[in-house]
Amino acid sequence: MVFQAKPYDPSKMKLSSDGWVVICAATPGAPVVSVTDSFTRNTGYQAGEVVGRNLSVLQGTKTSPDAVEMFRFLMRTGESGRIVILNYRKDGSEFWNVCDLRSIKNDAGEITHYICMQHMATLI
Ligand SMILES: Cc1cc2nc3c(=O)[nH]c(=O)nc-3n(C[C@H](O)[C@H](O)[C@H](O)COP(=O)(O)O)c2cc1C
């Protein structure tokens, strides 16, 4: 499943090295458990500034509500998908974030965590 808030041509985009985010599904508010150094480089947020928080901190006035709704849908259903969403770095600058979201389930089939690989997309 692919959701794009804005049509884009992948052949005209350069993607940053992948950042990874792990989020806990069992805790209310779906807080971040861990991020990689690439996430920090892409967003300007240090791990200590996002761990324990919801990643809606990356969203802002021009972020598509439909893209946010798509996150909620994938989290609720446990489906995998790609969401291209307009996000904001800590310094307030905008970037297109290409997010590949997956759910991690335990033996009972319950979602315990979500994992997301993220690329910052730059037009070339
Ligand atoms: C693993 C994972 C990674 C996420 N990464 C982002 C992200 O990079 N940018 C973003 O805007 N939202 C991201 N989200 C979505 C938000 O964390 C949040 O789930 C979404 O805003 C809907 O929650 P809300 O109803 O609290 O706003 C991610 C969600 C998960 C589960």
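Here is a quick tour of the fold and of the ligand's surroundings in a predicted model.

## Ground rules

Residue numbers start from 1 along each chain, as its sequence is written. Since the model is predicted, local features need pLDDT of at least 70 and side-chain atom pairs count only at pLDDT 80 or more, while totals for chains, interfaces and linings use all residues.

## Overall fold

The protein has 3 helices and 7 strands, counted as DSSP runs (H or I, at least four residues, for helices; E, at least two, for strands) and numbered from the N terminus. Reading from that end, the order is β-β-β-β-α-α-α-β-β-β. The radius of gyration, taken over C-alpha atoms, is 14 Å, close to the 14 Å from the globule rule for 124 residues, so the protein is as compact as a globular protein of that length. That rule is 2.2 Å times the number of residues to the power 0.38.

As for burial, 23% of the 124 residues count as buried, meaning 20 or more other C-beta atoms (placed from the backbone) lie within 10 Å of the residue's own.

## Around the ligand

The ligand has 21 residues around it, with Leu-55, Ser-56, Phe-71, Tyr-114 and Cys-116 the closest. Strand E3 (19-24), helix H3 (65-77) and strands E5 (81-88), E6 (94-105) and E7 (111-123) each give at least two residues to this shell.

By class, the shell holds 14 nonpolar, 6 polar and 1 charged residues. Here Ala, Val, Leu, Ile, Met, Phe, Trp, Tyr, Cys and Pro count as nonpolar, Asp, Glu, Lys and Arg as charged, and the others, Gly among them, as polar.

Notes: Near = placed C-beta within 6 Å. Buried ≥ 20, exposed ≤ 12 C-beta atoms within 10 Å, placed from the backbone.
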